[in-house]
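Please read it alongside the sequence and the coordinates.

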Amino acid sequence: MTLNTKPNTPIKPSARQLDQSQLRAIVDAARERRAEDVRVLDLSDVSSTLEYFVICTATAGLQLNAVQENVRIKAMEAGLPRPSVEGPSERWLLLSFGSIVVHIMTKEAREYYDLEGLWSDARMVEFPEE
């Protein structure tokens, strides 16, 4: 069996590698605007329609908007489509990039809705701060 490869042909990243770089862009964008407790849940084994939740905490409405704006810009730069935005609310903003959904919540809303508890079967994906 021979491999039909051309020298110096760029290798396209796999879908999983692309997801990881896009998730990294979202996580970093949230942290740039001082979002706290940024978590990524891999929903691929527990949902038929969603791949990832990114959940983070913002202190108030102004910070919710700042985090949302930065995440939107950086995610689109990383190749994600323009998100649909649910809300706006003073407690919770949701950005849907299709299979990746970003939840930006106040501490009170995050404790009340407990998304991590509701999706406790999902695997946590670590993105250490750089």
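## Burial in strand S2

Buried means under 20% relative accessible area, while exposed means over 50%. The model is predicted, and every value below is computed from it. Strand S2 spans residues 52-57 and is mostly covered, with six of its six residues buried.

## Pairing of S2

Which strands pair with S2, and in which sense? Strand S1, residues 36-42, pairs with S2 in the antiparallel sense over five bridges. In this pairing, Glu 36 stands opposite Thr 57 of S2.

Strand S5, residues 100-105, pairs with S2 in the parallel sense, over six bridges. Here Val 54 has Val 102 of S5 as its bridge partner.

Thr 106 is found in the loop between S5 and helix H3, which covers residues 107-113. Is Thr 106 buried or exposed? Its relative accessible area is 6%, and the limit for buried is under 20%, so Thr 106 counts as buried.

A polar atom of the Thr 106 side chain lies 3.2 Å from the backbone nitrogen of Ala 109. Leaving out residues up to four places away in sequence, Thr 106 touches Thr 57, Ala 58, Thr 59, Leu 64, Glu 90 and Arg 91.

Ser 48 is placed in the loop between S1 and S2. Its relative accessibility is 77%; exposed means over 50%, and therefore Ser 48 counts as exposed.

Along the chain, Ser 48 and Ser 99 are 51 residues apart. The separation of their C-alpha atoms is 9.8 Å.

## The whole chain

The protein has four helices and six strands. In sequence order they follow the pattern α-β-β-α-β-β-β-α-α-β. Of its 130 residues, 40% count as buried.

Among contacts between residues at least 6 apart in sequence, 59% join residues at least 24 apart. The accessible surface of the protein comes to about 8,200 Å². Carbon and sulfur atoms account for 51% of that surface.

Technical notes:
Residues are numbered from 1 along each chain as its sequence is written. This is a predicted model: local features need pLDDT of at least 70, side-chain atom pairs count only at pLDDT 80 or more; totals for chains, interfaces and linings use all residues. Side-chain values use heavy atoms; hydrogens and water are left out. Buried means under 20% relative accessible area, exposed over 50%, partly exposed in between (1.4 Å probe, protein chains only). Helices (H or I, at least four residues) and strands (E, at least two) are DSSP runs, numbered from the N terminus. Two strands pair if DSSP finds at least two bridges between them. A polar contact is a pair of N or O atoms within 3.5 Å; within protein, one must be able to donate a hydrogen and the other to accept it, and residues adjacent in sequence count only if both atoms are side-chain atoms. Contact means heavy atoms within 4.5 Å. Accessible areas come from the Shrake-Rupley method with a 1.4 Å probe; for residues, only the protein chains shown count as cover.
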